[in-house]
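Q: Hi! Could you walk me through this one while I have it open?
A: Happy to, let's take a look together.

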Amino acid sequence: MFTYTPRGVCSSEIHISIDNENRIKDVRIYDGCPGNLAAIAELCKGQKAQEVISKLRGIRCGTKRTSCPDQLSYAIEGALSEKTGLSTPPFPTSSCQELESA
């Protein structure tokens, strides 16, 4: 299971498991909006990782530059990277304060 620490959002940790077909096997998101994040995690299960990344990437929470779903896309990308051995650029390159401002 891959662990990701989100930045600039209310959630504090994301755990992702991806199967051999690059489908999301399990998602656990800690803190944040419990009902919404539990629903998003359930909807991701069984889906192709790349498709979920493309759907969630860039979603914003209010005036923030990111959101829990956006951060989840980076967690999935990190899990894929770890699984395949391909490196991806780290996110974010700016501080949490910068992410939270519009």
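**Pocket and helix packing**

Q: How much space lies in the largest pocket?
A: This is a predicted model, and its largest pocket holds about 150 Å³ of space.

Q: Nice. Which residues line the largest pocket?
A: The lining is made of Val9, Cys10, Gly32, Cys33, Asn36, Leu37, Ile40, Cys61, Lys64, Ser67, Cys68 and Pro69.

Q: And how does the lining split by class?
A: There are 8 nonpolar, 3 polar and 1 charged residues in the lining of that pocket.

Q: Which helix gives the most to the lining?
A: That's H1, with 3 residues. Helix H1 (34–44) and helix H3 (68–84) each supply at least two residues of the lining.

Q: Switching to the helices: at what angle do H2 and H3 pack?
A: Helix H2 (residues 49–56) packs with H3 at an angle of about 150°, and their axes are 8 Å apart. Angles over 145 degrees count as roughly antiparallel, so H2 is roughly antiparallel to H3.

Q: Left-handed or right-handed crossing?
A: Left-handed, where H2 passes H3.

Q: Which residues meet there, from H2 and from H3?
A: From H2 you have Ala49, Gln50, Val52, Ile53 and Leu56, and they meet Pro69, Asp70, Leu72, Ser73, Ile76, Glu77 and Leu80 in H3.

Q: What's in that contact by class?
A: The contact of H2 with H3 has 8 nonpolar, 2 polar and 2 charged residues.

Notes. Residues numbered from 1 in each chain as written. Predicted model: local features only at pLDDT ≥ 70, side-chain atom pairs only at ≥ 80, totals over all residues. Heavy atoms only, no water. 1 Å grid on protein atoms, 1.4 Å probe; cavity = no way out; pocket = protein on both sides within 12 Å on 5 of 7 lines; lining within 4 Å. Points joined across faces, edges and corners; volume = space filled by probe spheres on them. Helix = DSSP H or I, 4+ residues; strand = E, 2+ residues; numbered from the N terminus. Nonpolar A, V, L, I, M, F, W, Y, C, P; charged D, E, K, R; others polar. Axes fitted to C-alpha atoms, helices over the stretch in contact; angles between N-to-C directions. Parallel < 35°, antiparallel > 145°, perpendicular 65-115°, else oblique. Left-handed = near helix turned anticlockwise from the far one by under 90°. Contact = heavy atoms within 4.5 Å.
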